[in-house]
Amino acid sequence: MTNHTDSACLPHRDARGTDTAYWDAELETRPWPEVERWQAERIGAFLPALRQRSSMYAALHAGSPLPAMRSLADLQALPFTYKDDIRAAQDRASAEQPFGANQAAPTAEVVQVLSSSGTTGAPMYYALTAHDVAVFADVIANTWFTAGLRRDDVVAHLVGLPMVAGGLPYADGFRRVGATLCWLGGFPTERILREMRRLRVTALLATTSFGLHLAEQWEQIGRDTGLPSTLAKVLCGGEPGLNQADIRGRITGGLGITHLREVMGLGDVIPAMWGECEAHDGMHFNAQRHVAIELIEPASGAVLPWAKGATGEVVYTAFDRDATPLVRYRSRDHALVTGAERCACGRTSPRIRCIGRTDDMLIYKGMNVFPTAIRDLITRQFAGRVEPMLRILKDHEEQVRFDDPLPVEIEAAEAVAAADYARLAREIESLVRSQLQVRIIATLMAPGSLPRSVYKNSLIAVRGAA
């Protein structure tokens, strides 16, 4: 176990008034190279005991000398950690280490367990000590604060499963900000919408697609309840899409709000670490007090500078983690850097948009294709004629390669007559082929045909699966 000062595990930033600009002004406004040097010092203090605390890292780092950590660049002396490493470590669980070979804290000190959704294989479990829970709450609160939530907000929390990364940790973050938590997750959509009116909810967190779904019903529910809307702020995450003006416009217009921000995290590390500020120029990194980040070229693993316009995979080192530490963990999230200089809001951390995940990437005749690229092209070019809801079908869970055209189901907009679906499908196929050099077979679906989820919506589905 590492020793922590009170400032590392207790609130060094309180839930403050609405006139406070930053949650963690000390690090949020410090020049980014200075933040990285500050992090390198702490990683240098964290690494020496890691191989004794974690048998997984004892094996992974066995052939690597301990870096001096004069700068974050020294991390490159250590290998990456992959999801498969974590899964294999979990599979080596025992009575003494029920959370596997990367359990770095005694079970008696574990106070909470989080689970992945388990949608792509056996669920992953992450153990947290009291210190870890406090760190999670602090980072998530920082993310919500950056995205505009304040202590006088009444927040609708729509994730129904407390154990998943977006369940209890998100709730802890709302409470840490000081906002009023209304945990409506698990109720039917109509009840969620009605209770939001009755409870005078001012803020909402939802996936992008579920935000659209709520926007479609918001006005009608308002008429039914006879209560005016108090909703003013919406945070969306869990899937890309808010980079499109049409999607933003439909959410803000349907819900009658102007405050719409994007947020993102990674359950393996911390469920919310990136938040969009009032400048609307990408998401700031908000976990710098506890987590370091690198940007790498996915194929070679070479580290890239945080420079505007750069694209790469985000890599995380959770250097302030007791129970399940992570060093150079490959997120598989591919990002576009939208800013690396001091933002107009005063924050200095890099800003990104997520452009896809390696886990979702498909191979069409030897060419890598992100489903988000297909979705963004179709919904941008056919705005008003299709809904931003589509999915690519595959024959089995493990299928990644396609030699035949990719089957794509797309929801048509209400204004499109069913008789025009076939013609519109051919137009879409032609556009995707010319712009992306990928052949698809487009099937137009009636509005509302594809499932909406309050947690995560996958752009890929197995043919015939529920």
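Why does S434 count as partly exposed?

1. S434 has a relative accessibility of 45%, and therefore counts as partly exposed (buried is under 20% relative accessible area, exposed over 50%, partly exposed in between, with a 1.4 Å probe and protein chains only). S434 sits in helix 13, residues 421-436 (helices are DSSP runs of H or I with at least four residues, strands are runs of E with at least two, both numbered from the N terminus). Between the C-alpha atoms of S434 and R380 there are 15 Å, with the two residues 54 apart along the chain.

2. On the basis of the note: this is a predicted model, in which local features need pLDDT of at least 70 and side-chain atom pairs count only at pLDDT 80 or more, while totals for chains, interfaces and linings use all residues. Residues are numbered from 1 along each chain as its sequence is written, and side-chain values use heavy atoms, with hydrogens and water left out.

3. An open sheet of 12 strands has mixed pairing and the order 4-3-5-6-7-8-9-14-13-12-10-11 (two strands pair if DSSP finds at least two bridges between them). L336 has R353 of strand 14 as its bridge partner.

4. Helix 10 (residues 208-225) packs on that sheet, where it touches strand 5 (203-207) and strand 6 (233-237) (contact means heavy atoms within 4.5 Å). The directions of helix 10 and strand 5 make about 120 degrees (axes are lines fitted to C-alpha atoms, for helices over the stretch in contact, and angles run from 0 to 180 degrees between N-to-C directions).

5. Helix 11 lies across strands 5, 6, 7 (259-266), 8 (270-276) and 14, at about 120 degrees to strand 7. In helix 11 (residues 245-255), the residues I247, R248, I251, T252 and L255 are buried. These lie on the same side of helix 11 because they cover an arc of only 120 degrees around the axis (the arc of the directions from the helix axis to the C-beta atoms). A245 and G253, on the other side of helix 11, are exposed.

6. Strand 15 (residues 362-364) pairs with strand 18 in the parallel sense over two bridges; Y364 has F402 of strand 18 as its bridge partner.
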